[in-house]
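Visitor: I would like to learn how to read a few features of a model. Please show me the structure and begin with a single residue.

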Amino acid sequence: MTGIPQFGAAAMAAALGPAAAADALAAALRGGLDPEGCPPRSAIDVAGDGELLLMPAASGAYAGVKIAGVAPGNPARGLPRITGSYLLLDGPSLRPLALLDGAALTALRTPAVSALALRHLAPAGRPPRMVLFGSGPQAYGHLQAALAERELAEVVVVARNGARAGRLAAHARTLGVPAARTGTPADVAEADLVICCTTAREPLFDGRLVRSDAVVVAVGSHEPTARETDTALVRRAAVYVESRAAALREAGDLLVPEAEGAIGAGHITGTLADLVAGRLPAGGERGCPQLFKSVGMAWEDLAVAVALYEADR
């Protein structure tokens, strides 16, 4: 692989923003990519300290694989929680084309997936009030992604670490959100948009507080027993996912309520592909919250990696 292009975090951020990355995802879906046929991720426990993820995908002229490490103890070491690399390949020959920073790719594509969902679910009109759970890289990325799709009237940051929440709120003000502040989970009662990007394993807020016209995006977990939203919200919401197969395999936000008998497997309203193709009404179902639950999929990494590679050619 000597001599192939390498893309670091700074180069990737300069080359592609969340809106352009969302466009790449939409183009992949419109081009016929079927997320339901995407290979499942492989996860291996690493000495009890984290897990190693392997995420391959192939579509058209390209293939690729991400090797990612999730090490919960890394922040205490002064290291990123997510590590890894992405190898982009020529599809027909499987010849290596580029090597990308895997953590930076994840930090770009996950907010881009959420941005694409918001593009179809968040109603146009008055700027929404947003509650953002989390204060790590994904929270910063989702703030940028939300601003790429909608002007925001207010951002309320809720996080376990008050100092980090304050820094993110201050950052939001530098991006032109004058009402940015820190808050509490109860602030969801006034929110038009709720975004959850945390490492929580239990629900972050009381789903009964969420307004019937609100949009909720949850991206923090891909484990069947971990969730950021509670059964009350899932039961009353119209639910959208990247792939029914992936969600019913990995999305604890849905699998826990299903195990409780609160919902059935048919509770899912539709997929990201349905939204992009116009098979579902713009703005989602009326009279109930709209919940987009993302687990992260390999086809998304591939679509964004291809867009980065082609932008550099």
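Guide: Glu228 is buried, with a relative accessible area of 0%; buried means under 20%, exposed over 50% and partly exposed in between, with a 1.4 Å probe and protein chains only. This is a predicted model, in which local features need pLDDT of at least 70, side-chain atom pairs count only at pLDDT 80 or more, and totals for chains, interfaces and linings use all residues. Residues are numbered from 1 along each chain as its sequence is written, and side-chain values use heavy atoms, with hydrogens and water left out.

Visitor: Where does Glu228 lie, and what does the side chain of Glu228 reach?

Guide: Glu228 lies in the loop between β11 and α6 (231–236); helices (H or I, at least four residues) and strands (E, at least two) are DSSP runs, numbered from the N terminus. The side chain of Glu228 reaches the backbone nitrogen of Val219 at 3.4 Å. Glu228 and Asp253 are 25 residues apart along the chain, and their C-alpha atoms are separated by 6.6 Å.

Visitor: Is Arg211 buried or exposed?

Guide: Arg211 is buried, at a relative accessible area of 18%. Arg211 sits in the loop between β10 (193–196) and β11 (215–218). The side chain of Arg211 makes a polar contact with the side chain of Asp213 at 2.9 Å. A polar contact is a pair of N or O atoms within 3.5 Å; within protein, one must be able to donate a hydrogen and the other to accept it, and residues adjacent in sequence count only if both atoms are side-chain atoms.

Visitor: How is a pair of packed helices described?

Guide: Two packed helices are described by the angle between their axes and the distance between the axes. Axes are lines fitted to C-alpha atoms, for helices over the stretch in contact, and angles run from 0 to 180 degrees between N-to-C directions. Here, α2 (residues 18–30) and α3 (residues 102–121) pack at about 70°, with axes 8 Å apart. α2 and α3 are therefore roughly perpendicular to each other; angles of 65 to 115 degrees count as such, under 35 as roughly parallel, over 145 as roughly antiparallel and the rest as oblique.

Visitor: Which helix packs with α4?

Guide: Helix α4 (residues 137–149) packs with helix α5 (residues 162–174) at an angle of about 25°, with their axes 11 Å apart. That makes α4 roughly parallel to α5. Ala139, Tyr140 and Leu143 of α4 make the contact with Arg167, Leu168, His171 and Ala172 of α5, where contact means heavy atoms within 4.5 Å.
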